[in-house]
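Biologist: I am new to this structure, and I would like to learn how its features are read. Could we go through them one at a time?

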Amino acid sequence: MFCIIIFRHSVYWLDELPKSKNTSTTVFELTPRLEQLAQSKQTSRFFQESRRTPEWTVHAAALKACPSQRVCSLALPRLPAEGWESDRPLPATLSVAVKTAEASPRVCQLAHPKRVKMVLSHFRVDSNAHAETFPTTTPSAPSARIQQLASPKQVHPQHALTRPVSWPVPDCVLKAVASERLQVLARPKTRQALFEGYEPYRITPAARAATASPRLLELSLPLPRKCKGQ
């Protein structure tokens with residue numbers, strides 16, 4: 001019985017440890033290639049100091065410039081619209097009259113929520129807080145037109161129900177044998193591929209000598225409404 005062992009060196013480690021002057025195995029020395037990669041990137045010799053400094057000098061004319069009346073008017077803050085009033089400040093302390101005020105019967109009446117009056121014709125609603133009686137009316141018989149509209153839609157006399165999913169196959173169909181003509185028509189049409197010399201844009205001689213029937217000529221004419229201006 002033979003046993004084959006294959007050692008694959010990792011691409012992330014060196015095949016051999018670098019030679020070190022120390023005898024300890026925990027201290028390593030960089031190779032010249034690693035020392036080269038550890039160096040910082042040097043500035044290209046084609047680099048030019050063409051970028052402006054963040055500190056700009058102000059021209060003497062700009063220091064002595066005086067703004068015009070238009071610039072001064074545009075520099076003013078926007079004034080509020082006419083009739084604008086600032087928010088009323090909240091009172092720091094409430095007066096004694098406000099603390100001891102009592103609501104009048106009218107104010108208590110206006111403080112109640114608004115009731116929505118519903119017109120009911122067949123029954124009466126009695127409320128404990130506010131009893132209200134609604135008038136009752138005798139229902140009238142519907143008209144002939146309403147009864148006609150209320151009747152469901154009838155099915156058409158020639159309507160055929162949906163055919164069931166599964167149905168028995170007749171014995172004549174099970175024992176049927178396809179003729180030679182059916183077998184010829186059932187075969188797919190064979191065509192050559194493009195790399196075998198097939199030309200899809202070639203017109204057959206029969207198509208070149210074909211004559212359109214009167215019906216085809218009639219169908220090829222444009223619609224009358226599209227050729228009125230011609």
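Modeller: Let us begin with a bond between cysteines: a disulfide is a pair of cysteine sulfur atoms within 2.5 Å. The sulfur of Cys72 has its closest cysteine sulfur in Cys66, 9.4 Å away, which is too far for a bond. By this rule the count is 0 disulfides. The model is a predicted one, in which local features need pLDDT of at least 70 and side-chain atom pairs count only at pLDDT 80 or more, whereas totals for chains, interfaces and linings use all residues. Residues are numbered from 1 along each chain as its sequence is written, and side-chain values use heavy atoms, with hydrogens and water left out.

Biologist: Is Cys66 buried or exposed?

Modeller: A residue is buried under 20% relative accessible area, exposed over 50% and partly exposed in between, with a 1.4 Å probe and protein chains only. Cys66 is exposed because its relative accessible area is 72%, while Cys72, at 37%, counts as partly exposed. Across the protein chain, buried residues make up 1% of the 230 residues.

Biologist: How many helices and strands does the protein chain have?

Modeller: Both are DSSP runs numbered from the N terminus, helices being H or I with at least four residues and strands E with at least two. The protein chain has 10 helices and 0 strands.

Biologist: Where do the side chains of Arg215 and Glu218 lie, and what do they form?

Modeller: A salt bridge needs a side-chain nitrogen of Lys or Arg within 4 Å of a carboxyl oxygen of Asp or Glu. Arg215 and Glu218 meet in such a bridge, at 3.4 Å from N to O, and the structure holds 1 salt bridge. Both residues belong to helix H10 (residues 214–220), where they are 3 residues apart, about one turn of the helix. Arg215 is partly exposed, since its relative accessible area is 48%.

Biologist: Which residues make the nonpolar surface patch?

Modeller: For such a patch, nonpolar side chains (Val, Leu, Ile, Met, Phe, Trp, Tyr) are joined within 5 Å, from residues with over 30% relative accessible area and no salt bridge. Leu30, Leu34 and Leu37 make one of about 300 Å², and accessible areas come from the Shrake-Rupley method with a 1.4 Å probe. Leu34 is found in helix H1 (residues 32–38) and, at 41% relative accessibility, counts as partly exposed.

Biologist: What sits over the ring of Trp167?

Modeller: A charge sits over a ring if NZ of Lys or CZ of Arg is within 6 Å of the ring centre and within 35 degrees of the ring normal. Here the charged end of Arg163 sits over the ring of Trp167, 3.8 Å from its centre.

Notes: Patches are made of residues with over 30% relative accessible area and no salt bridge: like charges are joined within 9 Å, nonpolar side chains (Val, Leu, Ile, Met, Phe, Trp, Tyr) within 5 Å.
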